[in-house]
Amino acid sequence: MAFSVQSGGRARTQTALAEINITPLVDVVLVLLLIFMLTAPVLQSGIEVAVPHTRSVNQLTEERMVITIDKDQSVFLQDKPINVNELPERLRTGTRPDAKRIVYIRSDERVPFGAFASVMDAVKQAGITNISIVTQPLDAK
């Protein structure tokens, strides 16, 4: 597309850009996509746990209070290490005093049941009875 402009008695012909160069936009989008793909697994949880696989799984998008037990039976409250004996007091002071508190327990599938039960008991000592266990869905075959 061409058009003429008169300035100072002289006519100049200028052409308008018929296309927008989107190459820099595509570069930025690809870099952002790469960054999100690399950081998403890290943001999910900082502690490596092989949670058990089950058939029924509910996916949550909200951030909840999560207690993690890794394969060495170390206990973490929101990704911070904690002694299981201190867990009831931290749960009482670190949360809102409403009755609808929910705690999610992520336990490695290799953790003995005794260690898992002691963490559940510590959560109940804090007055929290709504406890959910984090699992992964079975792979479709």
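Reader: Where is the place of I20?

Author: Helices (H or I, at least four residues) and strands (E, at least two) are DSSP runs, numbered from the N terminus. In this predicted model, local features need pLDDT of at least 70 and side-chain atom pairs count only at pLDDT 80 or more, while totals for chains, interfaces and linings use all residues. Residues are numbered from 1 along each chain as its sequence is written, and side-chain values use heavy atoms, with hydrogens and water left out. I20 is in the loop between β2 (10–15) and α1 (23–44).

Reader: Is I20 buried or exposed?

Author: Buried means under 20% relative accessible area, exposed over 50%, and partly exposed in between (1.4 Å probe, protein chains only). Because its relative accessibility is 74%, I20 counts as exposed.

Reader: How many salt bridges does the structure hold?

Author: A salt bridge is a side-chain nitrogen of Lys or Arg within 4 Å of a carboxyl oxygen of Asp or Glu. One joins the side chains of D108 and R110 (2.9 Å, N to O). Another joins those of E89 and R92 (3.2 Å, N to O). The number of salt bridges in the structure is two.

Reader: What separates E89 and R92 in helix α2?

Author: E89 is partly exposed at 43% relative accessible area, and R92 is partly exposed at 40%. Because they lie three residues apart in helix α2 (residues 87–93), E89 and R92 are separated by about one helical turn.

Reader: Which relative accessible area does D108 have?

Author: R110, the salt-bridge partner of D108, counts as exposed at 52% relative accessibility. D108 is buried, with a relative accessible area of 3%.
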